[in-house]
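Open the model in your viewer and keep the sequence panel beside it. The tour moves from one selection to the next.

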Amino acid sequence: QVFFVLLISKDSFNSQFVEKELEYATGQGAWIVPVVIGNIVLPKWLENRLGQYFRVPGQPSNTDFEKIVADIAPETGIQLEEIEKLGKRNRKESRIILAEDSILLARMIKEALAKAGYDNILAFNNGKEAWDYLQSVREDQDFEKKVSLIITDIEMPEMDGHRLTKLVKEDQIMKDTPLIIFSSLINPEMRIKGKSLGADEQLSKPEIGHLVEVMDTLLERRGQ
């Protein structure tokens, strides 16, 4: 079976068009997922290709846009070469909390951070799971060792990254914990919202090299 992705802009979404395309595709033995692009910041090369089909290596999910983009163009994903450009690095003891619902992206981020020396990572599938963990250790005397820095995506099931940020920054014990929003949804409007909630930094995927540099800076300020 052949798998394709059809990218459609939110403004030009036409259900009849999609149904017609799906009917034709399935009749030809193909399997198509229509992906409606909302406020996601697209790579420049992709902006002018809405409405086009992209063949992907496996069955796609219309809820995992970042995996779809990585499938369409692997060069847009997390690049380990960016870490190599940072030069030789020592292992860090800092405990990093990662909230990321994409299994693929979480694995890629963990691999890249480990290469940069940050191999003490606890990854959670959404903001709620991360928040449940944070609450479970907030009273511990060694809280700062158990939670040195938080990295969160924005769009996740159960609890999104903005809600997680708000909860962390309103908590008297956790509020000084460095928190980075790392998402493909970063745009001027989202940046304003993230700042208002107290995020220490907001970075666009897949800038993994920049993420590591920001982590270094924030942890150095905290004495870790």
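A polar contact here is a pair of N or O atoms within 3.5 Å. Keep that cut-off in mind for the helix cap below. The model is predicted.

**Whole chain.** Start with everything shown. The protein has 10 helices and eight strands. Of its 224 residues, 48% are buried. Now consider contacts between residues at least 6 apart in sequence: 74% of them join residues at least 24 apart.

**Helix H8.** Select residues 161–170, which form H8. What caps its N-terminal end? Show Asp160: one of its side-chain oxygens sits 3.2 Å from the backbone nitrogen of His162. Next, colour H8 by burial. Seven of its 10 residues are buried, so the helix is largely enclosed by the rest of the structure. The buried positions are Gly161, His162, Leu164, Thr165, Leu167, Val168 and Lys169. What do they pack against? Display S4, H6, S6, S7 and H9 to see the partners of these buried residues.

**H8 against H9.** Angles under 35 degrees count as roughly parallel, so H8 is roughly parallel to H9. Show side chains at the contact. From H8 come His162, Thr165, Lys166 and Lys169; from H9 come Met190, Lys193, Gly194 and Leu197. By class, the residues of this contact are two nonpolar, three polar and three charged.

**The largest nonpolar core.** Which of its 24 residues touch the most other members? Select Ile97, Trp131, Leu134, Val147, Leu164 and Val168. Strand S4 (96–99), helix H6 (127–137), H8 and S7 each supply at least two residues of this core. H6 gives the most, with five. Centre on Leu134. Leaving out residues up to four places away in sequence, Leu134 touches Ile97, Phe143, Val147, Ile150, Leu164, Val168 and Met174. Then look for a second, separate core of 22 residues; Leu149, Leu203, Leu211 and Met215 are among them.

**Ser183.** Move to strand S7, residues 179–183, and pick Ser183. Is this residue buried or exposed? Ser183 has a relative accessible area of 1%, which means it is buried. Its side chain makes a polar contact with the side chain of Asp153, at 3.3 Å. Show the surroundings too: beyond residues up to four places away in sequence, Ser183 touches Asp153, Ile154, Leu203, Ser204 and Lys205.

**Asn126.** Go to the loop between strand S5 (121–124) and H6, where Asn126 is located. Asn126 is buried, at 3% relative accessible area. Apart from neighbours within four places in sequence, its contacts are Ala99, Met156, Pro157, Glu158 and Met159.

**Glu158.** One of those contacts of Asn126 is the last stop. Glu158 lies in the loop between strand S6 (149–152) and H8. Its relative accessible area is 66%, so Glu158 is exposed. Check the backbone as well. Most residues other than glycine have a negative phi. Glu158 is not a glycine, yet its phi is positive, at about 70 degrees.

Methods
Residues are numbered from 1 along each chain as its sequence is written. This is a predicted model: local features need pLDDT of at least 70, side-chain atom pairs count only at pLDDT 80 or more; totals for chains, interfaces and linings use all residues. Side-chain values use heavy atoms; hydrogens and water are left out. Axes are lines fitted to C-alpha atoms, for helices over the stretch in contact, and angles run from 0 to 180 degrees between N-to-C directions. Helices (H or I, at least four residues) and strands (E, at least two) are DSSP runs, numbered from the N terminus. Angles under 35 degrees count as roughly parallel, over 145 as roughly antiparallel, 65 to 115 as roughly perpendicular and the rest as oblique. Contact means heavy atoms within 4.5 Å. Ala, Val, Leu, Ile, Met, Phe, Trp, Tyr, Cys and Pro count as nonpolar, Asp, Glu, Lys and Arg as charged, and the others, Gly among them, as polar. Buried means under 20% relative accessible area, exposed over 50%, partly exposed in between (1.4 Å probe, protein chains only). A polar contact is a pair of N or O atoms within 3.5 Å; within protein, one must be able to donate a hydrogen and the other to accept it, and residues adjacent in sequence count only if both atoms are side-chain atoms. A nonpolar core is a set of buried Ala, Val, Leu, Ile, Met, Phe, Trp, Tyr and Cys residues joined through side-chain atoms within 4.5 Å.
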